[in-house]
Amino acid sequence: MTGRREQVLDAAIRVLGTQGTRQLTHRAVDAEAGVPSGTASNHFRTRDALLAGVLERLRELETRSWERVAAELSGAVEIDVFADVVGGLALELAGPARVVTLARHALLAEAAFHHGLREEVAVQQGRIESWAAEWLRALGSPRPERDLWTVMSLLDGLLAHQCVNPDPDFDPASAIRALLHGLRETWGAPHSQ
């Protein structure tokens, strides 16, 4: 990604994460990026193109975060270790990376109304599932893809709540740990797909 294009997309993420989707305009992005008027529209002719670019940039940022998680989880995976590592990521996403998290949530809400964006979100979710489900398989899940999305849903809910109503005692690792221990109780039982 070129430097100016990345600068524009990072500014768009800040606009989304601090002002919401209604304020995402080419002009607002140019002002946030501190670039000449028209720069954002030169890179992204339409608002939909800008949204697609933001989604791709968020994917890059999220991939880096999950690669750090993967590095921390290399080797044997245990529920408590997994919960601590993913909980640490949640603390980062609700704290220092809060604006990125809010931008992601705003973009996901926008995708509900834009077919092309929704399709790209589905492709990205498939990419995550293809490698992250292995962690749940390593933990003993007989349904790693389904259990992964249960964990991801909890994580998204925790992040949404913490971003809207910050709790100084936010402890996502405990919630993730409790969910996984509860899921593990079902892993040996007969189940339906």
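1. The largest pocket in this predicted model holds about 610 Å³ of space. It is lined by 31 residues, and those closest to its centre are Leu58, Glu62, Trp66, Arg104 and Ile128.

2. Which helices supply the lining of the largest pocket? At least two residues each come from H4, H5 (79-94), H6, H7 (115-139) and H8 (144-164). H4 gives the most, with 11 residues. Sorted by class, the lining has 16 nonpolar, 9 charged and 6 polar residues.

3. The chain as a whole has 9 helices and 0 strands. Read from the N terminus, the order of elements is therefore simply α-α-α-α-α-α-α-α-α. The C-alpha trace spans about 60 × 35 × 30 Å along its principal axes. Of the 193 residues, 39% count as buried. Among contacts between residues at least 6 apart in sequence, 66% join residues at least 24 apart.

4. The largest nonpolar core has 31 residues. Those with the most contacts inside this core are Trp66, Val69, Phe82, Trp135, Leu136, Leu139 and Leu180. Two or more residues are given to this core by each of H4, H5, H7, H8 and H9 (172-187). H5 gives the most, with 9 residues.

5. What does Leu136 touch, leaving aside its neighbours within four places in sequence? Its contacts are Phe82, Ser141, Pro144, Asp147, Leu148, Val151, Leu180 and Trp187.

6. Helix H1 covers residues 3-19, and its length can be checked. At 1.5 Å a residue, its 17 residues should span 24 Å; the end C-alpha atoms are 24 Å apart, so the two values agree. After H1 comes Gly20, whose phi is positive, near 90°.

7. Which residues of H1 are buried? They are Val8, Leu9, Ala11, Ala12, Ile13, Val15, Leu16 and Gly17. These buried residues pack against H2 (26-33), H3 (39-43), H4 (47-72) and H6 (98-111). An α-helix has 3.6 residues a turn, so residues three or four places apart point the same way.

Definitions and conventions
Residues numbered from 1 in each chain as written. Predicted model: local features only at pLDDT ≥ 70, side-chain atom pairs only at ≥ 80, totals over all residues. Heavy atoms only, no water. Helix = DSSP H or I, 4+ residues; strand = E, 2+ residues; numbered from the N terminus. Expected span 1.5 Å × (residues − 1). Buried < 20%, exposed > 50% of the residue type's maximum accessible area, 1.4 Å probe, protein only. Contact = heavy atoms within 4.5 Å. 1 Å grid on protein atoms, 1.4 Å probe; cavity = no way out; pocket = protein on both sides within 12 Å on 5 of 7 lines; lining within 4 Å. Points joined across faces, edges and corners; volume = space filled by probe spheres on them. Nonpolar A, V, L, I, M, F, W, Y, C, P; charged D, E, K, R; others polar. Core = buried A, V, L, I, M, F, W, Y, C linked by side-chain atoms within 4.5 Å.
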